[in-house]
Amino acid sequence: MFAQRLAQVSASATLKVAAEAERLRRAGHNVVDFSAGEPDFPTPEHVNAAAKAAIDAGFTKYTVAPGIPELREAICARYKRDYGVDVTAAEVLMTVGGKQALFNTAMALLDPGDEVITHAPYWPTIPEQVKLMGATPVIVPTRSEDGFAVPAAAMIAAITPRTKAIIINSPANPTGALIDEAAMAAIADAAAARGVWVIVDLCYEQLIYEPVPHNLVKVLFDRHRSRTVLAGSASKSYAMTGWRCGWTIAPKDLTAAFNVIQGQSTSNITSITQKAALAAITGSQEPVRAMLDEYRQRRDNIHAWLTAHPGIKCVKPKGAFYLFPDVSGLLSADGLRTSADFAQALIEREHVVVTPGEAFDAPGYLRISYATSMEQLREGADRILRFADTLQPANASAAR
């Protein structure tokens, strides 16, 4: 009845969890929701003001499909300032969030039979979009013992004659891990030697906690610019998830192909959003710094609270706003067998909503978003610890 390609694609597990949280709220339960993949902060006021001014000025019509020139030029200026690279407006195309940036890229580059290498735990959209094009995702695992760092040697070893692209997500959703510049350079050199595209999802690029080297853009442009695609977004940095604003930076000929795809699908992103994004990128960055400082405090607290339990282990994330604890020590053959079972029981018994690791190809783990208030984090952590104590009461009481 439906197109055969849909048989290869799974529904979003993260959206399913969000729907469960909403169901509980409607039933009148006091829910602590750690599933949200979006900032809890308001959009900065100067961004809202720019959108209101656009409406008042009647800037509510179509724009050119790639986005207004001044916004694309502002993105060029930002990448020059932040990464020291020269980008032209002809290489930039505005998209309906980072998700469409990756979708346009998959649509333009991938054919059935192609292989695309990426790393796990992964954001589910990455392999699902690959499968939607009839291509095959090739998954390279990362390890918690290594801080979930992307292993360059393993990524390179996965390249075959069918490899069309390599997708890197850094900071990563769900782990918060960063790929270091040396690993990125090794992957870029190997990809350049084999004519493989490198696609980098940088949607959390402004949410990195410590001043570590992370100029992936310069590394790639110096080595492999002709086959590099950058996917960016205003959603996370500027608390603009609902505005739907992302972008691609890619070679001119590929950007022209993106323009064809977008011109025959969504056309331009909302005109009002474009004016808001222009204000976000060119205006004060103090709201971004303030959000980052608050996320850092939340990260440190929720990490300390949960890892006090002997059954919970967790690598402290270096970026984004997710904790990815290992709860395999709380699972058992005669009780909760999987992290999906754990997450479901946690919802039912304590009304705490988390996303099970199975959604990210990481059974035994949970994704906890700390994009919520410190009070909610404390309450949710207390409930999780109480629930964990029912699974390992002897060990828990010995440790606390």
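Hi everyone, let's start with a pair of strands: S7 (residues 228-233) and S8 (residues 246-249) run antiparallel and are joined by 4 bridges. Within that pair, Ser233 sits opposite Gly246 of S8. A quick word on terms: helices (H or I, at least four residues) and strands (E, at least two) are DSSP runs numbered from the N terminus, and two strands pair if DSSP finds at least two bridges between them.

Before I go on, please note that this is a predicted model, where local features need pLDDT of at least 70, side-chain atom pairs count only at pLDDT 80 or more, and totals for chains, interfaces and linings use all residues. Residues are numbered from 1 along each chain as its sequence is written, and side-chain values use heavy atoms, with hydrogens and water left out.

Now, the whole sheet. It is open and mixed, with 7 strands in the order S2-S8-S7-S6-S5-S3-S4. Which strands stand at the edges? They are S2 (92-95) and S4 (136-141); each has a single partner strand, so one side of each lacks a neighbour in the sheet. From one strand to the next, the twist averages 20°. Helix H9 (residues 252-263) packs on this sheet and touches S2, S6 (197-201), S7 and S8, while its direction makes about 30° with that of S2. Contact here means heavy atoms within 4.5 Å; angles run from 0 to 180 degrees between N-to-C directions, with axes fitted to C-alpha atoms, for helices over the stretch in contact.

On to the inside. A nonpolar core is a set of buried Ala, Val, Leu, Ile, Met, Phe, Trp, Tyr and Cys residues joined through side-chain atoms within 4.5 Å. Buried means under 20% relative accessible area, exposed over 50%, and partly exposed in between (1.4 Å probe, protein chains only). The largest core has 54 residues, and those with the most contacts inside it include Met184 and Trp247. Helix H7 (residues 181-194) gives the most to this core, with 7 residues. Leaving aside neighbours within four places in sequence, Met184 is in contact with Ile168, Ile179, Val198, Leu216, Val219 and Leu220. A second, separate core of 40 residues includes Trp305 and Phe387.

Finally, have a look at Ile208, in the loop between S6 and helix H8 (216-224). Is Ile208 buried or exposed? Ile208 counts as buried, because its relative accessibility is 15%.
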